[in-house]
Amino acid sequence: MLSPATSPVGPSLLCRVRGWFCALPLAYVQETMRPMPIESLTSPSFVQGLSIIRGVPTPVVDAGALLGATDAPRSTRLVLLRLDARRVALAVEDVLG
């Protein structure tokens, strides 16, 4: 089992998404938070909608749907990711460490 210190991508944030455990490289993680209000959009099925996070409209992506889960999301946390000049909030069930 890889620890965050020995992960091939470096230090990572471990999250639970449905039945999976996901490691997100800390280099991309800006912060974690409780879910914010989400405005639904007509968009791909894995995009829950837009949320205003720190004054900026930010797309919220259901990590489980992105990975192929078909059950309803049970997100309890958002992980705000910075990807170059873009931001996205990843909806996950739990942040483990």
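Me: Happy to start. Why is F21 called exposed?

Reply: This is a predicted model, and in it F21 lies in strand β2, residues 20–25. F21 has 58% relative accessibility and exposed means over 50%, so F21 counts as exposed.

Me: And why is W20 called partly exposed?

Reply: W20 is also found in strand β2. Its relative accessible area is 37%; buried would need under 20% and exposed over 50%, so W20 falls in between and is partly exposed.

Me: Which residues is W20 in contact with, leaving aside its neighbours within four places in sequence?

Reply: They are C15, G64, L67 and A69, where contact means heavy atoms within 4.5 Å. L67 is 47 residues from W20 along the chain, and the C-alpha atoms of the two are separated by 9.2 Å.

Me: Back to F21: which residues form a nonpolar surface patch with F21?

Reply: L14 and L96 do, and together with F21 they have about 290 Å² of accessible area.

Me: Nice. Now the open sheet: what makes β3 and β4 its edge strands?

Reply: The five strands have the order β3-β6-β7-β5-β4, with mixed pairing. β3 (29–33) and β4 (47–53) each pair on one side only, and they are the edge strands.

Me: How do you know that β6 and β7 pair?

Reply: Pairing takes at least two bridges, and seven join β6 (residues 77–83) to β7 (residues 86–92), so the two strands pair. They run antiparallel, and L78 stands opposite A91 in β7.

Methods:
Residues numbered from 1 in each chain as written. Predicted model: local features only at pLDDT ≥ 70, side-chain atom pairs only at ≥ 80, totals over all residues. Heavy atoms only, no water. Patch = residues over 30% accessible without salt bridge, like charges linked within 9 Å, V, L, I, M, F, W, Y side chains within 5 Å. Areas by Shrake-Rupley, 256 points an atom, 1.4 Å probe, with all protein chains shown as cover. Salt bridge = Lys/Arg side-chain N within 4 Å of Asp/Glu carboxyl O. Helix = DSSP H or I, 4+ residues; strand = E, 2+ residues; numbered from the N terminus. Buried < 20%, exposed > 50% of the residue type's maximum accessible area, 1.4 Å probe, protein only.
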